Amino acid sequence: MATATNVMARPASASGLWSWITTVDHKRIGILYGVTAFLFFLLAGIEAGVIRMQLAVPDNTLVSPDVFNQMFTMHATAMIFMAIMPMSSAFFNFIIPLAIGARDVAFPRLNAFSYWTFLFGALLIHFSFVVQQVPDAGWFSYANLSEKPFSSGQGIDFWALGLQVLGVASLAAAFNFVVTIINMRAPGMSLMRMPLFVWMTLVTSILLVLAFPVITVGLIELTMDRAFGTSFFNTAGGGDPILWQHLFWIFGHPEVYILILPPMGIVSEIIPTFSKKPLFGYPVMVFSGIVIGIMGWAVWSHHMFTVGLGPVANSVFTITTMLIAVPTGVKIFNWIGTMWGGSIEFKTPMLFAIGFVALFIVGGLSGVSHAVSPSDAQQQDTYYIVAHIHYVLFGGSIFGLFAGIYYWFPKITGRLMHEGLGKLNFWLMFVGMNITFFPMHFLGLNGMPRRIYTYSSDFGWDWLNLVASAGYFVLFAGIVAFLVNFFITVKNGKLAGHDPWDAPGLEWTIASPPPVYNFAKVPQVVGLDHYWLVKRRAAAEGHPITEAEAYVDPETIHMPSPSYWPIVTAFGVLVLAAGFLIEFPWPYIKFPVPIIGGIISFIGVLGWSFEPAAPEAHHGSEDHH
Amino acid sequence: MAYASGQLPTTDVDHTYTTTGLNHRKLLMWTFLSSDCLFFGALIATYMVYRGQSLVGPYPIDIIDIPLTTISTFVLLCSSFAMVQALAATNRNDQRGIQLWLLATILMGATFIGFQIYEFNAFRMEGLKIDTNLFGTTFFTLTGFHGAHVTLGLVWLTILLIMGRKGKLGPAQSLDVEIAGLYWHFVDIVWIVIFTLLYLIGGFDAGPTAGLLIEPSLLSLPT
């Protein structure tokens, strides 16, 4: 049994590369998520640069039409699935357990599995660049374009299988956060005392749980069409390409809220903190977030107004789409209401949060304009739509996430980011964003279609395109300012202390960076804006709180042990999916490699299940059975 | 709330504390099952949209054998009864009962899979393959994924049975058996929906004109 014991023993190193590979600490996984997502954000940003340079002048020949198709496909796919979603995930991981007073997530190993699966899925899609089979059918890969006769290379296979793996990662994380938020709140934190960011994470996780299986089925059907010659979306066999659009957008529209709700939650934390006022209309903010989550399921066909679903369907989806603007508008008014009469501090996180509100209003209004199906018929597939999505996803999601980075950076690293560089970063991004994307409204209304690789000077689109391309450099400078700020802060930024912003959340009661056990003693939550209540009472009674919770010897608090099974299982999932790229000319089993992947995953799950529980039971983790 | 002035309010809870009192893993299984509902929902929707849209035969009415599948359905539903008994035996620490009822569940589940393999093979012999027509495509995909779920459940139950034979199952492991049971019952319930829609209702579908959900003239099908 000696060997068996060795295989089953849990890894114990606390530093070095191996400790990161086997870590189950939500804070480390959060950092891994954040850094990886930012690298893909940069990569996708460079792809956007190629697009803008190609379109800067008419009749440009900088890149070929094929490369252009690959660039807009990979730019959108990477930004959505490998930058914005995992960056939100980074905050879920790092902040949620701290914000609810827990020592870790409900399933620490599942969390590690989620990160490794995400990384492998992202690498699988990007491996397509290595073998020169890059996906090129747009981020929604519409049938018939994605079917074998029209995309004969392996690009679509990379796209479909890579997304499948990323979907497994998202689902694993979403299961974890639903259970963590419902079940691991510290005593006293009732649902209506949860910070807005925790609420929005819960709604987002539920959306992920319910939306991802639909795209999973869509991707399975697409892969089967391509690998086994079925006719799900193939008209020659009687299939209907519109079914793909339905499956994609039934997932795709909740996905839009998956991208925007977490930043909305982040902004709802920041605006009260820097206005020195509780969030205006907290219950309504919670309610409108839930309504958005529910109604997000009833609007998907507004992506398909020009498909020809008929006047009844178009009218119904016009009405539901206009209705969903109501809870969104409520949120905007409540953010403004929070700032109204507050003593506002214009620190960098607050600037990004206000920028979020302002730019999201622009994106929201253009959204309402194509909620109306007749008006959408003019805007469909033009640069007007490109302007809209960038105002809600860049001006919205990315600004919200940058606000979150500046807000929580002192908690995560213990150091305050440089204010001057932060403000420079904000203004470059804010101005650059508007120079780049605002002209696209006019370009779209003047008839410039999306996804064309070049245009003739006769159309009169020249100077607006040139302005948009110039704006890219301003944006780029903003990102460079951020990177400079990041590196100088990590190296010798000002020490932050535990509560640099006088914030209301539980995460600010503990040291920065948080000790491995988070909370030495389980907090008793006294109300909404817990830490404010505690600090105000302490100050009123003459014993103001100036220190974080005192350190204790980490050895006295039992935490989940590291494990290497998550990465083994994740690797199995990768082989299982990637195996469908390698076809063998055998009679019965065309795809033997996925079987190997399945076996690796199975061994991983077995090892995971029978891994010895850590020696002594501890608070709130999967290990104590 | 009583706590010392100038201090952070804290509390003492033991390591089994959860906000709702539910176990994490049980909540995880329910969350997973809600997700799986949408997975099967999307597959079933695909089948329903393509009902009666096959351009060439064999059509369901030519090959669907309702009496045969009624038997396998009956066996699968009975396995849920055995699963309930296995959990009850675990709770009262009836070692013989645990092994007996888990084995019965596995045998009935395996019987169902046996029928499915027979059925798939029979269809293949009669000329229905996954790429023959839309019926073949949607039928094999939906029932195939259901069969994969059942097979996964069988592997899980077999592991539990091995643990049971080593005497490692008892009231302390009640939750392990209960969660496997939740999964097993869910897979059974999904089959009730599939059996109703694909066999009892869809089993009489013929060529591209019969039993349609969508008027064919609305789809410009190649003729």
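Visitor: Where is A:Asn144 placed?

Guide: A:Asn144 sits in the loop of chain A between helix H5 (108-130) and H6. This is a predicted model, and what follows is computed from it.

Visitor: Why is A:Asp529 called buried?

Guide: A residue is buried if 20 or more other C-beta atoms lie within 10 Å of its own. A:Asp529 has 21 other C-beta atoms within 10 Å, so A:Asp529 is buried. Its place is the loop between E3 and H16 of chain A.

Visitor: What makes B:Asn93 partly exposed?

Guide: Partly exposed covers the counts between the buried cut-off of 20 or more and the exposed cut-off of 12 or fewer. B:Asn93 has 13 C-beta neighbours inside 10 Å, so it counts as partly exposed. Phi of B:Asn93 is also positive, near 55°, and this residue is not a glycine. B:Asn93 lies in the loop of chain B that runs between helix H3 (66-91) and helix H4 (95-125).

Visitor: How do you know whether H13(A) is enclosed or open?

Guide: Of the 31 residues of H13(A), 30 are buried, so the rest of the structure largely encloses this helix.

Visitor: Where does helix H13 of chain A bend, and by how much?

Guide: Helix H13, residues 383-413, bends by about 40° at A:Tyr407. A proline, A:Pro410, follows within four residues. Just after H13(A) comes A:Gly414, with a positive phi of about 85°.

Visitor: What does the radius of gyration say about chain A as a globule?

Guide: For 625 residues, a compact globule would have a radius of gyration near 25 Å; chain A has 25 Å, so the value agrees with the rule. The C-alpha trace of chain A spans about 75 × 70 × 45 Å along its principal axes. Its secondary structure amounts to 18 helices and 3 strands, and 57% of its 625 residues count as buried.

Visitor: Which elements make up chain B, and in what order?

Guide: From the N terminus on, the order is β-α-α-α-α-α-α. That comes to 6 helices and 1 strand.

Visitor: What share of the contacts in chain B joins residues 24 or more positions apart?

Guide: Among contacts in chain B with a separation of 6 or more, the share is 82%.

Visitor: How many residues does each chain bring to the contact between them?

Guide: Chain A brings 50 residues and chain B brings 40. On the side of chain A that touches chain B, H7(A) gives the most, with 9 residues. By class, that side has 27 nonpolar, 16 polar and 7 charged residues.

Visitor: Why are E3(A) and strand E1 of chain B said to pair?

Guide: Two strands pair if at least two bridges are found between them. E3(A) and strand E1 (residues 10-11) of chain B have 2 bridges, in the antiparallel sense. The count therefore meets the cut-off of at least two. Within this pairing, A:Val522 stands opposite B:Thr11 in E1(B).

Visitor: What confidence does the predictor give?

Guide: For the complex, the predictor gives an ipTM of 0.92 and a pTM of 0.93. For chain B the mean pLDDT is 90, and 92% of its residues reach 70 or more.

Notes: Residues are numbered from 1 along each chain as its sequence is written. Chains are lettered from A and ligands numbered from 1 in the order in which they are written. This is a predicted model: local features need pLDDT of at least 70, side-chain atom pairs count only at pLDDT 80 or more; totals for chains, interfaces and linings use all residues. The radius of gyration is taken over C-alpha atoms; the globule rule is 2.2 Å times the number of residues to the power 0.38. The bend at a residue is the angle between axes fitted to the seven residues ending there and the seven starting there. Two residues are in contact if their C-beta atoms, placed from the backbone, lie within 7 Å. Ala, Val, Leu, Ile, Met, Phe, Trp, Tyr, Cys and Pro count as nonpolar, Asp, Glu, Lys and Arg as charged, and the others, Gly among them, as polar. pLDDT is the predictor's confidence in each residue, from 0 to 100.
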